[in-house]
Amino acid sequence: MAEEQTLYRAYRPQQFVQVVGQAHVTRTLSNALAASRIAHAYLFAGPRGTGKTSTARILAKALNCRQGITSTPCDACPQCLSIIEGTSMDVLEIDAASRRGIDEMRELRERVRLAPAYSRYKVYIIDEAHMLTSEAANALLKTLEEPPSQVVFVLATTEPHKMPATILSRCQRFDFRRLPVSLIQEHLGRVAANFPVQVEPEALHLLALAADGSMRDGLSLLDQALTWAGEELRAEEVAELLGKVPAQRLEEAVQALRRQDLLALFRLVAELEEEGRDLQVFTRDLLLRLRGETRRCLREKQRLPAWLGRSLMALYQALGEMRLSSLRGLTLELAFLRLLAAPEERPPSLERVRALWPDVLQLVKESSPRLFGQLCLARVVGVEGRRLQLAAGEERVRETLRKDESQALLGEALGRRFGGEWEIEVLGSG
Ligand SMILES: Nc1ncnc2c1ncn2[C@@H]1O[C@H](COP(=O)(O)OP(=O)(O)OP(=O)(O)O)[C@@H](O)[C@H]1O
Ligand SMILES: [Mg+2]
Ligand SMILES: [Zn+2]
């Protein structure tokens, strides 16, 4: 079957040392096996696609290998081979969530007393163990209270908090970790090296990021990418495959947020929808981009612009809402509306205008660096309603600021930042 040949099946780790990123688990297990210290029940908890089932199968081989109990099963004896092929009579994988799993659990209490047919240990690998029905959980608990000596249970679960405490307390627990991007990338690189395809490191990086902590997801994405690629797999193609929004579009969004340009943001959403982009991916990438910007500001000890913090919060909220709504475009537009089109009802105080003045200057700078230069020579001295009072010592500066063109530009910047229509009064400085 085609499914049997998928990359993540072909590259299932067969030895403890091949399990990536879970050394805290595999080392402890290896040491215990070397000392023949064997628990009756293990709990493998952790996110999906991080090696729980793979490790459980390695453990089953380690217990049953013809060499004797070992931390390095031979992978060649009939015991190891039958476990690899999934045909062992004594290593039973039960999916607790499935109908068949429920039946199998029902028979567990009688069957578990029978000695293993061909092996040293009978190993029950119970997947999705948090889904056990209460009847099945009870049967399991009774068994764990008086465990038969030649039976080992491995309970695997992505949601250990849903397991009954009575069962948890009878298991030796191992927590599998979400895999970091660097380890996934490295592993994908090793796997890709077996294919006659030139792979750009950046392409692997994108795949590893998209894997979101799961090696299985990483491998199946690589599988798709390799199927798709010709002699070369480039980052650009991977980005396309992942439905990613081109970097330039993200840049446009950042600029529009900075300018507080609602129209441009709405246009961008419409275009992305038109191009069939995944707006959730877009929102996530935009958030990561803004997060990078925030970190840069902090690292360079710059003031954090208000638009940045507020955009991050609004987009983060939108990303959460997108999980619940299929109207992703609308969700994003509402976030932009909340962010930009709700001018504060009351005019701001002098303190508030002073506090956000650098934002206003930044907005001016984008449309007129010259006016920005002149404004830097003026001070905010008063705010009366939406009338701003500026003072400048030099007549030359005052003249520039009084020009219609300057008033319009500054008025617009103030309107964007604080809402409403603004007047500007230019005074001599006292
Ligand atoms: N830590 C790892 N190191 C190397 N490969 C891994 C690792 N984790 C997962 N894989 C790859 O992903 C595939 C699936 O892994 P596995 O079945 O062990 O995950 P799991 O944790 O049991 O996931 P689930 O919770 O979805 O059942 C493996 O065949 C292997 O190719
Ligand atoms: Mg599994
Ligand atoms: Zn063996």
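Tutor: Let's start with the buried residues of H10: these are Met215, Arg216, Gly218, Leu219, Leu221, Leu222 and Ala225. Keep in mind that this is a predicted model. The spacing of that set is worth a thought, because an α-helix has 3.6 residues a turn, so residues three or four places apart point the same way. What covers the buried residues of H10? The cover includes helices H1 (7-10), H8 (181-192), H9 (201-211) and H11 (235-241), along with strand S7 (232-233).

Is Pro201 buried or exposed? Pro201 counts as exposed, because it has 9 C-beta neighbours inside 10 Å, and the cut-off for exposed is 12 or fewer. If you want a sense of distance, go from Pro201 to Glu275: these lie 74 residues apart along the chain, and their C-alpha atoms are separated by 27 Å.

Now for the sheet. It is an open one, built from 5 strands in the order S2-S3-S4-S1-S5, with parallel pairing. S2 (91-95) and S5 (172-175) are the edge strands, each pairing on one side only. Going from one strand to the next, the twist averages 15°. Zoom in on S3 (residues 122-127) and S4 (residues 151-157), and you'll find 5 bridges joining this parallel pair. Val123 is a handy landmark there, standing opposite Val152 in S4. Helix H3 (residues 52-64) lies across S1 (41-45), S2, S3 and S4, and its direction is at about 170° to that of S4.

One helix pair to finish: H5 (residues 99-111) packs with H6 (residues 134-145) at about 30°, the axes being 9 Å apart. The crossing of H5 past H6 is left-handed. On the H5 side the contact is made by Ile102, Met105, Arg106, Leu108 and Arg109, while H6 brings Ala136, Ala139, Leu140, Lys142 and Thr143. Sorted by class, that contact comes to 6 nonpolar, 1 polar and 3 charged residues.

Conventions
Residues are numbered from 1 along each chain as its sequence is written. Chains are lettered from A and ligands numbered from 1 in the order in which they are written. This is a predicted model: local features need pLDDT of at least 70, side-chain atom pairs count only at pLDDT 80 or more; totals for chains, interfaces and linings use all residues. Axes are lines fitted to C-alpha atoms, for helices over the stretch in contact, and angles run from 0 to 180 degrees between N-to-C directions. Helices (H or I, at least four residues) and strands (E, at least two) are DSSP runs, numbered from the N terminus. A crossing is left-handed if the near helix is turned anticlockwise from the far one by less than a right angle, and right-handed if clockwise. Two residues are in contact if their C-beta atoms, placed from the backbone, lie within 7 Å. Ala, Val, Leu, Ile, Met, Phe, Trp, Tyr, Cys and Pro count as nonpolar, Asp, Glu, Lys and Arg as charged, and the others, Gly among them, as polar. A residue is buried if 20 or more other C-beta atoms lie within 10 Å of its own, exposed if 12 or fewer, and partly exposed in between; C-beta atoms are placed from the backbone. Two strands pair if DSSP finds at least two bridges between them.
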